[in-house]
2 protein chains.
Amino acid sequence: MKKFNTSPISGMQELTPAKQALFDKLKNQIVGVYHSHGFLRIETPVIERTDILLAKAGGDTEKQIYKVVKTAETEDDADQALRFDHTVPLARYVVEHENDLTFPFKVTQSARNFRGERAQKGRFREFYQLDVDVIGREKLAVSYDADVIKTAYDALMTFIKPEMKIRISNRKILTGLLQELGLQTKSEDIFGIIDHAEKVPKEKTVSSFEEIGLSGAEIEKLTTFMNINGAREDVVSNLKSLGINNDIFILGVEELNNVLSLLEKQGLGETAIGDMLIIRGLDYYTGTVFETFLPEYREIGSICSGGRYENLASNYTDQNFPGVGASIGLTRLFQTLDDNNLLESIDKKSIDLVLIPFSENEYEYTFNLAEKLRGCGKTVDINLTDKKVGDKFTYAAKIAKFASVIGENEVKTGNIEVKDLETGNKLKLEDYIRSV
Amino acid sequence: MKKFNTSPISGMQELTPAKQALFDKLKNQIVGVYHSHGFLRIETPVIERTDILLAKAGGDTEKQIYKVVKTAETEDDADQALRFDHTVPLARYVVEHENDLTFPFKVTQSARNFRGERAQKGRFREFYQLDVDVIGREKLAVSYDADVIKTAYDALMTFIKPEMKIRISNRKILTGLLQELGLQTKSEDIFGIIDHAEKVPKEKTVSSFEEIGLSGAEIEKLTTFMNINGAREDVVSNLKSLGINNDIFILGVEELNNVLSLLEKQGLGETAIGDMLIIRGLDYYTGTVFETFLPEYREIGSICSGGRYENLASNYTDQNFPGVGASIGLTRLFQTLDDNNLLESIDKKSIDLVLIPFSENEYEYTFNLAEKLRGCGKTVDINLTDKKVGDKFTYAAKIAKFASVIGENEVKTGNIEVKDLETGNKLKLEDYIRSV
């Protein structure tokens with residue numbers, strides 16, 4: 001009988017061993033692709049000083065941050081809290097370790113972050129973010145925007161089976177457009193309305209524009225702008241045909257053209273498209289912004305997003321560190337793929353072989369055999385219980401693909417039979433070793 | 001100019017990318033060996049309900065636990081705190097997911113835990129523990145005690161170069177001895193004094209025994225007991241010659257003999273020894289206890305320890321889950337090995353090759369080449385800055401082993417030269433690909 005509620009706290013993902021093995025596999029694949037593209041892994045503490053975490057934030061972040069209570073032995077420390085993303089700690093890390101880093105600093109982080117959000121389906125309070133960022137010193141070529149997008153795409157390709165669309169915009173375009181229309185003072189509202197446009201009926205978007213006092217002509221211009229999406233040439237020519245003669249607008253279009261063109265050169269001409277509806281909520285982004293969708297599963301939302309920020313660490317230093325990043329929220333993505341049956345069928349049996357010594361007399365021989373097999377790359381468990389051989393097979397069938405009984409005769413002759421626990425087929429040990 | 005203190009909080013390990021790469025390598029090697037021995041990985045949330053965490057604890061644990069403040073959106077939740085080890089969450093996990101698990105449940109956890117300890121050298125407030133545990137249902141063969149010790153030893157062997165000694169005892173032996181001497185009521189004190197005996201002069205140990213009222217004869221008996229250590233046969237015969245006719249004592253000696261004998265059969269006859277000074281502080285352990293030392297570096301202390309517990313989850317359920325575990329505290333171990341120059345020389349260059357396109361005209365060719373090389377298992381970065389070729393080589397030399405310039409001619413002819421950034425030697429791309 002249970003004496004306690006032993007469920008994890010609401011909003012925390014806790015997997016069975018079989019699902020954990022699959023989660024780990026996806027995580028390792030992503031991290032492997034990131035590294036193969038030249039990104040160096042770092043790790044920052046989960047606990048940071050609150051003043052560092054909240055130097056910029058405000059809004060939801062401040063409300064959702066988990067503060068940590070100092071203990072009797074740490075009471076001299078500054079106020080502390082759990083990090084809510086990887087970007088703030090990265091900014092601190094770059095300023096702190098600047099002299100140990102080579103710029104452009106291609107960096108990856110893959111760990112859990114924490115947000116005390118209201119519990120709801122698909123939202124997690126503790127969640128893996130697998131990020132790549134490129135940080136420049138003083139300047140950073142826009143080509144790196146394409147680099148992080150391609151890297152994240154290659155990582156997703158290791159396990160995402162449905163078609164992906166990467167929708168890309170550049171915040172300079174809308175910024176320049178609003179300057180040209182004389183709507184700078186309303187830009188925060190307008191960015192917000194466009195950011196939400198896909199989630200509400202069209203009439204709602206129009207009425208939101210009206211509520212902040214836009215004229216019919218202004219609304220029409222914005223609506224035309226918002227409808228621009230598609231292949232590079234189309235998007236660029238449609239943007240140019242808006243006839244906006246503003247430097248920021250022109251630079252934004254040029255950067256977008258550049259990023260899309262670099263992605264084309266890497267075979268993503270069909271996958272990466274321009275789309276003026278992409279805004280990314282955070283005012284933090286200043287150039288390229290992108291989100292990744294599965295058109296056959298639009299309800300899943302973006303599975304990977306990010307963008308360019310002009311200055312990573314402006315709150316902590318006078319120096320200028322422009323950067324660009326992409327992030328995969330694996331905890332939510334894993335759950336969503338699982339809910340939609342889009343995870344590869346889980347191989348519950350991550351153990352290759354269970355050796356079953358008939359009695360303690362065969363332990364020594366079995367230990368040696370296991371060592372030899374592990375040397376060949378096999379994952380080998382030995383059943384050391386004093387149960388009957390039949391029970392040991394039942395155990396093996398639950399966790400492993402193959403099993404072998406090691407009895408007096410096997411020790412004497414060295415002839416060992418390996419049983420396929422799925423098919424019941426038996427093969428010689430030598431053939432089993434060669435088989436994989 | 002810095003505007004903030006950007007150092008990590010005291011007691012948190014934060015590594016440069018080169019050291020992080022080495023840390024990750026050791027961690028992955030350990031986790032790989034654990035898995036190859038048939039242990040399944042799980043992950044539990046960092047944040048747990050305080051009542052779960054403190055169901056047993058008390059003492060230091062309660063003082064050092066980091067409580068987490070609920071946010072406006074999580075205020076309905078129970079009180080929460082950060083886990084301080086993997087054992088308590090494992091107990092909760094086993095009770096919660098019992099029906100999804102196969103017993104004996106061979107499980108591994110590899111993540112950071114948190115203790116708000118006073119800041120001091122070699123102690124960390126956030127630290128990796130890489131654990132293996134075997135959990136039985138109702139019973140668990142003592143052979144698994146040897147299984148976790150051998151598994152942890154094999155993991156350490158992947159990177160520990162100095163000789164290791166695994167010192168093993170069994171708490172039943174001292175428990176039985178104290179019963180026989182009629183000293184049960186003083187057993188907590190006596191376990192504590194023996195646990196500290198190596199850290200104080202011999203006279204101090206004797207005077208501590210005197211202070212709790214032991215007679216000269218009793219002290220002599222205990223001193224004789226404490227001096228028993230060495231190879232299996234010696235230890236067992238010395239223990240037997242104490243002439244203690246107590247069931248628990250006899251069972252303890254038998255279990256110790258069994259564990260040491262199983263380790264002998266796996267080639268650890270020299271490495272694994274019996275040693276009655278090994279106690280392990282926690283009253284939690286009930287049978288086998290062990291610690292691992294480097295005799296040439298005694299000051300480092302134990303680098304891996306663990307033991308047998310009769311009941312993992314007694315605080316959460318009436319069911320009986322006996323278990324045995326081993327733990328490597330990698331954060332402290334990494335720091336200690338580094339301080340003693342015992343880490344393998346750090347290869348600062350975890351990137352294989354930097355490709356340097358001469359201009360944007362060569363980007364497309366370079367992207368394709370990078371993709372091909374990544375397919376061959378190479379870690380390939382492309383320098384996309386608009387710097388001069390010389391500056392790009394300087395960048396490459398800091399992070400990578402090789403570099404190649406891709407110019408107009410290379411694109412035309414496909415003849416690509418790969419420069420070894422260490423030796424200056426140049427080789428053909430085809431030879432480079434074949435070389436590793």
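Helix H12 of chain A (residues 330–339) has Leu330(A), Thr331(A), Leu333(A), Phe334(A) and Leu337(A) as its buried residues, a residue being buried if 20 or more other C-beta atoms lie within 10 Å of its own, with C-beta atoms placed from the backbone. These sit on the same side of H12(A), because they cover an arc of only 170 degrees around the axis, taken from the directions from the helix axis to the C-beta atoms. Their packing partners in chain A are helix H1 (17–36), strand S6 (126–135) and strand S12 (323–329); contact here puts C-beta atoms, placed from the backbone, within 7 Å. Helices (H or I, at least four residues) and strands (E, at least two) are DSSP runs, numbered from the N terminus.

This is a predicted model, with local features needing pLDDT of at least 70, side-chain atom pairs counting only at pLDDT 80 or more, and totals for chains, interfaces and linings using all residues. Residues are numbered from 1 along each chain as its sequence is written, while chains are lettered from A and ligands numbered from 1 in the order in which they are written.

As for the two chains together, 84 residues of chain A are in contact with 84 of chain B. On the chain A side, H1(A) gives the most, with six residues.

Over in chain B, an open sheet of nine strands runs S1-S5-S6-S12-S11-S10-S7-S9-S8, with mixed pairing; strands pair if DSSP finds at least two bridges between them. S1 (40–41) and S8 (229–230) of chain B stand at the edges with a single partner strand each, so one side of each lacks a neighbour in the sheet. S8(B) pairs with S9(B) (residues 272–275) in the antiparallel sense over two bridges, and Gly230(B) has Gly274(B) as its bridge partner.

Definitions and conventions
A residue is buried if 20 or more other C-beta atoms lie within 10 Å of its own, exposed if 12 or fewer, and partly exposed in between; C-beta atoms are placed from the backbone.
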